[in-house]
Amino acid sequence: MPATQKPMRYGHTEGHTDVCFDDSGSYIVTCGSDGDVRIWEDLDDDDPKSINVGEKAYSCALKNGKLVTAVSNNTIQVHTFPEGVPDGILTRFTTNANHVVFNGDGSKIAAGSSDFLVKIVDVMDSSQQKTFRGHEAPVLSLSFDPKDIFLASASCDGSVRVWQVSDQTCAVSWPLLLKCNDVIHAKSICRLAWQPKSGKLLAVPVEKSIKLYKRETWSNHFDLSDNFISQTLNVVTWSPCGQYLAAGSINGAIVVWNVETKDCVERVKHEKGYAICGLAWHPTCGRISYTDAEGNLGLLENVCDPSGKTSSNKVSSRVEKDYNDLFDGDDTSNAGDFLNDNAVEIPAFSKRTTNDDEDDDDLMLTSGHLRQRSHILEDDENSVDLTMLKTGLLKEEEEDDQAGSIHNLPVVASQRPFYDGPMPTPRQKPFQSGSTPVHLTHRFMVWNSIGIIRCYNDEQDNAIDVEFHDTSIHHATHLPNTLNYTVAALSHEAILLACESTEELASKLHCLHFSSWDSSKEWIVDMPQNEDIEAICLGHGWVAAATSALLLRLFTIGGVQKEIFSLLGPVVSMAGHGEQLFIVYHRGTGFDGDQCLGVQLLELGKKKKQILHGDPLPLTRKSYLAWVGFSAEGTPCYVDSEGCVRMLNRGLADAWTPICNTREHCKGKSDHYWVVGIHENPQQLRCIPCKGSRFPPTLPRPAVAILPFKLPYCQIATEKGQMEEQFWRSVIFHSHIDYLAKNGYEYEESTKNQAIKEQQELLMKMLALSCKLEREFRCVELADLMTQNAVNLAIKYASRSRKLILAQKLSELAVEKAAELAASQAEEEEEEDFRKKLNSGYSNTATEWNQPQLRNQVEEDSEDNREADEVEQNRDLHRHGQNLLPKSASFSDVPAVKLGAVTSSSQGRVNPFKVSTNSKEPAMSVNSARSTNILDNMNKSSRKPTALNRAASSYEKSPVIKPLIPKPKSKQASAASYFQKRTSQADKTEEVKEEENPKNSSSETSTMCPENTENQRPKTGFQMWLEENRSDILSDNPDFSDEADIIKEGMIRFRVLSTEERKAWTNKAKGATASDGAEAKKRKHVVDEIEETENQKEKAKENLNMPKKQKPLDISTNQKLSAFAFKQE
């Protein structure tokens, strides 16, 4: 029978690792670069005894209850076995000892060091030492002659020497190895070995072959090699009977030869191709334990019969077995687990009664797993009879053996076609998310956001413990496990357990409905004969079980059987959340290490529907599924074995988007994160760090870590890449709000508003960055993602940055957005009318059609009434207006406030482009000064104004009118009037404001040409001061060529003047226009009365939208705020 390769497991941290058996073969002993010696009862031992012997342990040897280790503190230490009690130091070197071995009876040890010395020390009396000098480089390895006459050593100087122990002389030296200056640089550690018992042969690994030297004559008796070996051999070991020789290479190949016949009897490949640095043969000759350079421990079983005999048949060639094993069809039994967590199904050996069991070799796939063979092509009438073919081959091979031949590949190749294509991947086994492998005695059956279910199955107890994170859901529970439950699920309503069938009992589904209001809280359902439950999950009010008969059975939480339907393939895993059922299954056979999985997503509400219809499930190359579930908010997610976390992107046609890679947070190659939950708000990936393993132990209780999400965007180190990643991550992680709203679930409006605000801030920052980089086309692309309010802000920013073409393009985009919004709202109204007619003859219960509209009905009605008043109030103001931006006009001729057109409380105008899904959405003020960053106004500021930024802070203090939701019909009218010029009455008001407040200068003043200003209104005190001091400003700043820069500098200097000086310039200006001032005061009195009435209406409307009522202001202040919305007091 071919050797069985058990899945490797973590033994030590990354680095050189050594292994040996105890005298009886009961224990496996390993040592590694973490300085620990671990004693394993078996490969499945979850709690090996650990002895710390130092900082690093390079080699270990065990005999007669003495454990000897070569440690990094340059010593050879002894511990008792298996107690692990220190028993002294045998010898010391000036540097690290690299290898230590016992002699045949365990009375002496030999050790080789990097100081070029070899020592033999008596174990009972360490003072009895012999030193061997002669190597010119660090010693790599040693081997004692079974008769204690010779000692063999290999060194970095390229030589292999045989020493006479009695007189400490060198008997022979062969220059076989590549020279190097240290052990870490050696291509091979050259672990040589004497043949047990007789010591007749010395085996030395050299390049890709084993050289065997005859005792005393020291001639090269013969070499052993194989085509399977593609890299240098690293280590050799003999079977205790001396008949077999095993070797491991630096790329993970393990080959076993029958030395008598020179035949290769086993070929095995390491799962991941790591270098084999430790080989130990079990004393009964049936098992080989091996370690790799990454600290992992593996085991080969059934290498040969306990008697040491094997079939005379040779291993079939690689060409033959690759073709045969491609058509393996027997996938019923379990011959091993995938990696560390029992995740992949390994096809079984075929049970045969003939003596050709070991004629079949194992198929090594790219994933590194065994693939066993069964009878092939038995029913094909054109096929060759397998028994006849083998008989013929055996006869030919036996004849060749007599002639001294080892292989006869041409004969085999002529009998079987050659196949060199992609190899099928073993199918992944069904698993329960949040569980650890079934073969463990103490394991997690499930760990999720509700609680933890542990299973204990040892000699003392076979029980299940259930613990809830929130004890208000239910208290902790202890359950007996007499039926040997293997899978479990947990929700806030019930505990669900399932077991496999046995010869006497059927597979059972056991539910403990602890949230039931009656006294009967348990129910059990037996599956039909020959049908096993493979995966289970819980939802809100329902239970699902997938079985080996490719059926999915649905139950109510109380135990009523519901629908049954066929699965599209063998189930891999399932998850439930609310009404959603998430199924992953095998949709075909994967090749070259890839799994071929499909996914179904169903909603099991009153109106059942299928969201994903068996779509392929994307996985990382050569990985398998490790976790399936939902986020706490109900979005499907999954994790593969390479640590990639993916989430369903509902906003992108239900595509899967990678949101995190846990491998980026792992410190070591063998470290992993075991996912237990995903939260979208706040954005948290909850997982357990596992040092050197893929899953955590039950004790001590693992600590949960929280990892951040990061989408794999390009150039994430740049500011642009960071903001792009943050924006799209915010979009993905808040798409669940739209799903909840669509399906009638409750959600917090503030969360949605905060998300929108966050996204718009990021878009504005990206737009500002693109604007600085002269990427105006990119700015328009970013503005297309913005809301109307943010587009208005972008228009203002573009105009103040003097990007005239960009501002024009953004204005056109704003008009398009307004028109699209109006059209969409009109369609929604028509659809709502249709729903009302459809539901008029039925009961008024909430359905999928009418439920989302009930939420904001009262709010919309009140806002529509306010909108009607607002439109009526502004009708006269827009009647005689003309286009603000004719084609011949330049942006420099237009005041920035008019271009922005965001708020003007003196006119009572509404923002035609402001869109808000609810009245609580915060409005973004764009009334910022020209000298300040436009982005600062997106956050509330409480900074005190200084002399230089007083103008900017006055705008921040001005009241911001909450936007209203207008009717669709009025939106088109508002959009058309957006670019209309103000009426003459508005112009008069602005003239009066300028007269009354000459010391206040806004961004409007700075954007107008001086000639136009003089024609429109009388000079202010600041203007008269500027005319007299213009020459001084230009002389101090000769680089000023723009009028705006002169005015800006003038404003700064004017504000530095004392109050008396500014008042004098103001009186001087008033004196120049005394006749005009009297008439202006009359006009101002009339306008103030009108605007006071309008402002009271505005305040009443605004208070409806305010979360808290503000204190009323006094009349004079109220008048000032309403009349001078964009001016500083």
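**Briefing: cysteines, cores and salt bridges**

At 0% relative accessibility, C31 is buried. This is a predicted model. No disulfides turn up anywhere in the structure, while the salt bridge count comes to 28.

**Cysteines**
- C20 takes part in no disulfide; the nearest cysteine sulfur belongs to C60, 4.0 Å away.
- C20 is buried, at 10% relative accessible area.
- For C31, the closest cysteine sulfur is also in C60, at 3.8 Å, which is too far for a bond.
- The cut-off for a disulfide is 2.5 Å between sulfur atoms.

**Nonpolar cores**
- The largest nonpolar core has 25 residues; L767, M786 and L810 touch the most other members.
- Helices α4, α6, α7, α8 and α9 each supply at least two residues of this core.
- Beyond its neighbours within four places in sequence, M786 contacts Q760, L763, M764, L767, V791, A794 and K817.
- A second, separate core holds 23 residues, among them F150, L176, V183 and A186.

**Salt bridges**
- D34 pairs with R38, with the closest N and O atoms 3.2 Å apart.
- Both of these residues, D34 and R38, are buried.
- D34, D36 and R38 are linked in a salt-bridge network.
- D87 pairs with K66 at 2.5 Å between the closest N and O atoms.
- This pair links strand β9, which holds D87, to strand β7, which holds K66; the residues are 21 apart.
- D87 is partly exposed, at 38% relative accessibility.
- R1030 and E1043 meet in a salt bridge, 3.2 Å from N to O.
- R1030 lies in helix α18 and E1043 in helix α19, so the pair ties together parts 13 residues apart in sequence.
- R1030 is partly exposed at 26%, and E1043 is partly exposed at 23%.

Methods: Residues are numbered from 1 along each chain as its sequence is written. This is a predicted model: local features need pLDDT of at least 70, side-chain atom pairs count only at pLDDT 80 or more; totals for chains, interfaces and linings use all residues. Side-chain values use heavy atoms; hydrogens and water are left out. Buried means under 20% relative accessible area, exposed over 50%, partly exposed in between (1.4 Å probe, protein chains only). A nonpolar core is a set of buried Ala, Val, Leu, Ile, Met, Phe, Trp, Tyr and Cys residues joined through side-chain atoms within 4.5 Å. Helices (H or I, at least four residues) and strands (E, at least two) are DSSP runs, numbered from the N terminus. Contact means heavy atoms within 4.5 Å. A salt bridge is a side-chain nitrogen of Lys or Arg within 4 Å of a carboxyl oxygen of Asp or Glu.
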